[in-house]
Amino acid sequence: FFFRPATQLRDPGFLLAMKSSVEARLQDVTERLEKLAALADTLNIQDIQFVPEFQGMMRAGRDPVRRLAAITERLEKASVAVNVACARTTGTQVHRSLGDNETLQLPLITDFEQLMHTLLREYLELSQRIGGDVAAQSVFVQNGFVSFRRLLPIIPQSREPGPKILERILAPTYQCITQATEIRESKATSPFIHHLTAVQEGIPALSWMMMAPKTVPFIQDLIETSEFYTNKILGEQKGKDATQVAWARAFIALLKGLQAYVKLHHPTGVAWGVKVRSRDFWDSAVAAVHPSSKDADDFIFQ
């Protein structure tokens with residue numbers, strides 16, 4: 001993999017095929033290691049020494065256990081490299097490989113997905129109906145929630161990482177927050193200035209992970225600030241434009257839904273797991289949290 005021509009390493013079809021090949025080989029070697037370990041458990045050391053295949057490999061200077069372990073290590077590194085390349089080149093992210101089916105069914109994840117299917121979707125659809133600057137800003141809000149959803153499977157599988165890794169994991173979400181707030185600064189004369197400002201004040205709620213142990217009060221403060229502007233919309237548009245009225249209520253409902261989720265699952269901070277993870281795990285995790293073009297369909301509009 002590492003010595004392939006650069007053109008192949010940028011080809012989505014090649015990368016996906018290579019990913020499947022590496023994963024299949026890794027599975028095969030892992031199964032062989034498990035069988036070898038099971039055989040070793042049934043024999044004592046004196047018995048193993050008289051197994052013909054073992055004697056042949058030892059005479060050739062090859063310890064079968066060490067050899068398979070070394071192959072496994074190389075395949076694991078190749079798997080991470082392919083996953084990262086796929087993430088950067090094709091948009092085919094590896095977020096689901098970071099969590100097995102059991103992990104992906106945890107309420108910590110499914111409850112957030114439900115929030116995206118309902119409250120976030122309603123806000124996005126109303127934003128598109130209003131159009132203009134409101135619709136443009138909503139794309140960054142959408143990507144912020146998707147980025148956050150992507151990192152959720154990591155949480156129950158690992159202890160809290162160090163600050164540098166945590167910063168890299170949260171970078172895509174923070175970038176979306178910045179983009180959503182910057183559009184307000186660049187549209188000071190927009191006819192939807194109250195809408196843009198409401199989102200500017202409220203979307204930093206997605207940064208609650210860094211506000212332990214006061215995660216819930218942090219979001220509450222942002223809700224109250226954002227409501228100041230959504231109330232202006234309600235006052236100006238009530239009886240005139242039902243879509244704008246519905247939009248104002250939908251955005252506050254989205255923030256309150258996020259607050260309810262945090263209060264249920266992370267009331268005083270992120271509910272990290274207990275495992276200490278390797279650098280390869282975190283490299284793969286960092287590659288997985290970036291949103292792709294298909295995420296809206298996968299996570300919101302399915």
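This is a short tour of the structure above, stop by stop.

The model is predicted: local features need pLDDT of at least 70, side-chain atom pairs count only at pLDDT 80 or more, and totals for chains, interfaces and linings use all residues. Residues are numbered from 1 along each chain as its sequence is written, and side-chain values use heavy atoms, with hydrogens and water left out.

**Whole chain**

Show the protein as a cartoon. There are 14 helices and 0 strands. Both are DSSP runs, numbered from the N terminus: helices are H or I with at least four residues, strands are E with at least two.

Of the 302 residues, 45% count as buried (under 20% relative accessible area, 1.4 Å probe, protein chains only).

**Helices α7 and α8**

Select residues 107-130 for α7 and residues 132-151 for α8. Their axes come within 8 Å and cross at roughly 170°. The axes are lines fitted to C-alpha atoms over the stretch in contact, and angles run from 0 to 180 degrees between N-to-C directions. The two helices are therefore roughly antiparallel (angles over 145 degrees).

Show side chains where they touch. Among the contact residues are Phe112 and Tyr123 of α7, and Val141 and Phe145 of α8. Contact means heavy atoms within 4.5 Å. By class, the α7 and α8 contact has 14 nonpolar, 5 polar and 2 charged residues. Here Ala, Val, Leu, Ile, Met, Phe, Trp, Tyr, Cys and Pro count as nonpolar, Asp, Glu, Lys and Arg as charged, and the others, Gly among them, as polar.

**The core**

Pick Phe145 and Trp247. They have the most contacts inside the largest nonpolar core, which has 57 residues. Such a core is a set of buried Ala, Val, Leu, Ile, Met, Phe, Trp, Tyr and Cys residues joined through side-chain atoms within 4.5 Å. Elements giving two or more residues to this core include α9 (163-185) and α12 (242-265).

Stay on Phe145. Beyond its neighbours within four places in sequence, Phe145 touches Phe112, Leu115, Met116, Leu120, Ile203, Leu206 and Leu254.

**Two last stops**

Go to Ser207, in the loop between α10 and α11. Ser207 is buried, at 11% relative accessible area. Leaving aside neighbours within four places in sequence, Ser207 contacts Tyr174, Ile177 and Phe218.

Finish at Ala287 in helix α13. Ala287 is buried, at 10% relative accessibility.

Notes: Buried means under 20% relative accessible area, exposed over 50%, partly exposed in between (1.4 Å probe, protein chains only). Angles under 35 degrees count as roughly parallel, over 145 as roughly antiparallel, 65 to 115 as roughly perpendicular and the rest as oblique.
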